[in-house]
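Please read the following report alongside the sequence and the coordinates. It begins with one loop and then turns to a pair of strands and to the chain as a whole.

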Amino acid sequence: MVRELAPGMKAHLWGYNGQSPGPTIEAVEGDKVRIFVTNKLPEHTTVHWHGMLLPSGMDGVGGLTQPHINPGKTFVYEFEMKKSGTFMYHPHADEMVQMAMGMMGMFIVHPRDPSFMRVDRDFVFMLGSFRIDPGSYLPKVAEMLDFNLWTFNSRVFPGIDHMPVRKGDRVRVRVANLTMTNHPIHMHGYHFSVTCTDGGWVPETARWPEATIDIPVGAIRAYEFQADVPGDWALHCHKSHHTMNAMGHDVKTYIGVDMKEVRKKISKVVGGGYMPMGSRGMAEMGSMEMPAPDNTLPMMTGFGQFGPIEMGGMFTVVKVREGLTANDYKDLGWYQHPQGTVAYEWQGDRPAPPSAPAPQKQGGRPKGKDIELKAVKPDGKGHRH
């Protein structure tokens, strides 16, 4: 299947029902579900229902709890929804390859009592990572550490939808992590509480306020907040290289280096169009439209109402507005800030920076004998002091 990661870049992935991540399955606590899985891959597979309480034979571990699903075969999974909460599904056969190719999805079980843990808006993110070199389409499935694309729902910024929220709504954000590393997910403008994991709902007495929640590998965290402050609020992974696209980890650091002479020498070899970058940092990359290989993305990209956003990867925007209807998820554009509430350039004389108080004198050297210490290496016959 072909998945657009963002405009200008597509990936050739495996998935469920022709998509990656697979469709979000929704059920109600107490339901009994029957799920048919037909394998159209070139190799065998299974489906593991991560975090769900079910009979051992339905757990989906190939060779351990069931036979593998061979190409062209259809298997059936049947089990009861014993608990409500946030879960996920993924293969438990040739995991390294199949998950690296995008095979994963979310499974949401709603409470039988509709008043329990009720929210007005409910968002779901599956965190993913790929190593797709510029100009190519296929992930490198044996990659373990050096990924260059970090995704929400197999999309990267600026291809990730913004999150429209009505002022006053109770909002839940469910985040599942099937990458090879943890992700500190940070949301601007709000404090929130973690209310659910892949082990179930968190009792109210066990919650605490947060602005960043770390999502471990193979885990789910759902958090909630009351949307009472309008604005455009960033939501992103706080590992800075996870908010970049098509990263090159071997880029040299030239901050503070005068590149004029280097440019002259390199231009003689590659032509007059060579332009060195990085001597003043990398921000200039966010505002420049430069030629790039086919099927790749700039490391830093995206534009807002005030200029380059200089992000990529795991980044999106929560847009809290008044006047939205209950099921209205259209993008309302950029927030119109009230007058006097945007940071601005100072035009007057700069105020003098405050100075640190002078240290108090501690007096002269205390009277007394000088002490001499001699360190002696052990001589093999014990330690000498």
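## A loop residue and its patch

In this predicted model, Leu-145 lies in the loop that links strand S9 (121–130) with strand S10 (149–152). Its relative accessibility is 73%, and because exposed residues are those over 50%, Leu-145 falls in the exposed class.

Leu-145 also contributes to a nonpolar surface patch of about 410 Å², which it forms together with Met-96, Met-144 and Met-180.

## Strands S13 and S17

Strand S13 (residues 183–187) and strand S17 run antiparallel and are joined by four bridges. Within this pairing, the residue that stands opposite His-183 is Ile-215 of S17.

Strand S17 itself, which spans residues 212–215, has two contrasting faces: Ile-213 and Ile-215 make up the covered face, whereas Thr-212 and Asp-214 make up the uncovered one. In a regular strand, side chains alternate between the two faces of the sheet.

## The protein as a whole

The secondary structure of the protein consists of three helices and 22 strands. Among contacts with a separation of 6 or more, 74% are between residues 24 or more positions apart.

Of the 385 residues in the protein, 41% count as buried. The accessible surface amounts to about 22400 Å², and carbon and sulfur atoms account for 55% of that area.

Conventions. Residues numbered from 1 in each chain as written. Predicted model: local features only at pLDDT ≥ 70, side-chain atom pairs only at ≥ 80, totals over all residues. Heavy atoms only, no water. Patch = residues over 30% accessible without salt bridge, like charges linked within 9 Å, V, L, I, M, F, W, Y side chains within 5 Å. Areas by Shrake-Rupley, 256 points an atom, 1.4 Å probe, with all protein chains shown as cover. Salt bridge = Lys/Arg side-chain N within 4 Å of Asp/Glu carboxyl O. Buried < 20%, exposed > 50% of the residue type's maximum accessible area, 1.4 Å probe, protein only. Pairing = 2+ DSSP bridges. Contact = heavy atoms within 4.5 Å.
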